[in-house]
Amino acid sequence: MSGIQRVLLCGTGPASIQLAITFKNDLDCRVGLAGRESVRSAAFYAALEQSGQQVQVTIQNEKHRALAGKCIVDQVFRGYNTLAGEWQTLVLAVTTDAYIDVLQQIDDAFIKQLKCVILVSPTFGSSLLVSQYLQQRGAEAEIISFSTYLGDTRWLHEHPSNQVITTGVKRKVYIGSTVPSSAYVQQLRELFERLHIALGVMSSPLEAETRNISLYVHPPLFMNAFSLEAIFGEQGVQKYVYKLYPEGPITPALIRSMREQWQEITQITDRLHIQGINLLQFMTDDNYPVRLESLSRHDIEEFDQLQAIHQEFLLYIRYASLLIDPFSEPDAAGAYFDFSAVPFRRIFTNREGELDVPRMPKEDYYRIKIIQGIARHVQVSCPAIDHFIAIYEAKLQETARAHPDQRLSTAFVIQSFQQDIRMICSALNGSKD
């Protein structure tokens, strides 16, 4: 039998547990888990040891029953430099900025045996980066990118353990491979069908990576003065990511910057001969729908043909329509579920005792810097993207100066990510030959 048989998952977060159970129980794979040694992962390893390497997923919504379950992990590795044995499939379930750091810790013999490397939550260009790096190491593995992780999985008791809960599941996820008509992709397609998640197969990993809504909405939502003050400023009144001003950051000006960034990314994908997205259609059909009374099918489907001011009007209507969940059942007082009440997470002291930045916008900083680097390479002007980066980096520096006596995490370091950008652009040059 070919295909996915022996799967090694890199990462000690909740997604790794969900994927371990899915691969083990649905594909009957031999499954290993690997991660780095850290203060945070110590509790995870301890829980695994106490449970005899059993992991468990519970679900919040009964319709996601296919994702629930438990299994015994076949092998656990503490530290990527300890990896050993035959593992044809490597799954990178770590943050996208850590891919090369993880691969650098794995020895050559292990790397060269790999048949397939799967990127769970990549950003635009991650597959090119990993492919280029593996080629330099003499490996010829197939690279598969998902557009995004399949849902929302978190620790069951809010701290690392062997138990997680999957609270939400995506309606549709995209996938692309470096190998045409990939047997691995076909196997994953059948798996996702059993999980009741639509899996759109794209012509390349890079094209799948453009189908992540975070690329288009996180920078404008998080990298603006209002949001950055809510994240980095002194504790004040709670503010919310998806609410209209003054409860949240959404204003006509923010919507304008969102549209401008989408157009900049579209110019980049055009240069790379990748099919761009209709932003409003992607938001409503692949992410969160709204009622047709709020947005008509005609407006949604013709969105990318409309004038800029019309596009901004429709995007604002979309966010206004999702202040409440339009498909929830109202209570006796007529109130619908407060869908947009997602609070901004503030800077915090991490387990290493350092002041740290929440995952959003920390991960978005890497994503947008990579896109900026690709834009420069293909000679696309990107003033909106440049502005998001400038305002975010200024806030990092301002906050670092305001905490002179506190240890700061590396999230406060202004970074170029130049090595990653060079490798991605080198791969792009190779693809043109």
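The model is a predicted one. Searching the whole structure turns up 2 cavities of 30 Å³ or more.

**The largest cavity**

- Rolling a probe the size of a water molecule over the atoms shows where empty space is left.
- The largest cavity holds about 120 Å³ of space.
- Its lining is made of 14 residues, and those closest to the centre are L19, F23, F146, L150 and F192.
- Helices α1 (14-27) and α6 (183-194) each give at least two residues to this lining.
- By class, the lining of the largest cavity has 12 nonpolar and 2 polar residues, with no charged ones.

**The second largest cavity**

- For the second largest cavity, the volume is about 40 Å³.
- You will find it lined by S214, L215, P219, D364, R367, I368 and I371.
- The lining of the second largest cavity divides into 4 nonpolar, 1 polar and 2 charged residues.

**Helices α10 and α14**

- Two packed helices are described by the angle between their axes and the distance between the axes.
- On the α10 side, the contact uses Q261, I265 and I268, while α14 brings I368, I371, I374 and A375.
- This contact has 6 nonpolar residues, 1 polar residue and no charged residues.

**Helices α9 and α15**

- The axes of α9 (residues 225-232) and α15 (residues 383-402) come within 11 Å of each other and cross at roughly 30°.
- The angle is under 35 degrees, so α9 counts as roughly parallel to α15.
- The crossing of this pair is right-handed.
- From α9, the residues A225, L228, E229 and F232 meet I391, Y392, K395, L396 and T399 of α15.
- Sorted by class, the contact of α9 with α15 has 6 nonpolar residues, 1 polar residue and 2 charged residues.

Note on methods: Residues are numbered from 1 along each chain as its sequence is written. This is a predicted model: local features need pLDDT of at least 70, side-chain atom pairs count only at pLDDT 80 or more; totals for chains, interfaces and linings use all residues. Side-chain values use heavy atoms; hydrogens and water are left out. Axes are lines fitted to C-alpha atoms, for helices over the stretch in contact, and angles run from 0 to 180 degrees between N-to-C directions. Helices (H or I, at least four residues) and strands (E, at least two) are DSSP runs, numbered from the N terminus. Angles under 35 degrees count as roughly parallel, over 145 as roughly antiparallel, 65 to 115 as roughly perpendicular and the rest as oblique. A crossing is left-handed if the near helix is turned anticlockwise from the far one by less than a right angle, and right-handed if clockwise. Contact means heavy atoms within 4.5 Å. Ala, Val, Leu, Ile, Met, Phe, Trp, Tyr, Cys and Pro count as nonpolar, Asp, Glu, Lys and Arg as charged, and the others, Gly among them, as polar. On a 1 Å grid over the protein atoms alone, a cavity is a set of points where a 1.4 Å probe fits but cannot get out, and a pocket is an open set with protein on both sides within 12 Å along at least five of seven lines; lining residues have an atom within 4 Å of a point. Grid points are joined across faces, edges and corners, and a volume is the space filled by probe spheres set on the points.
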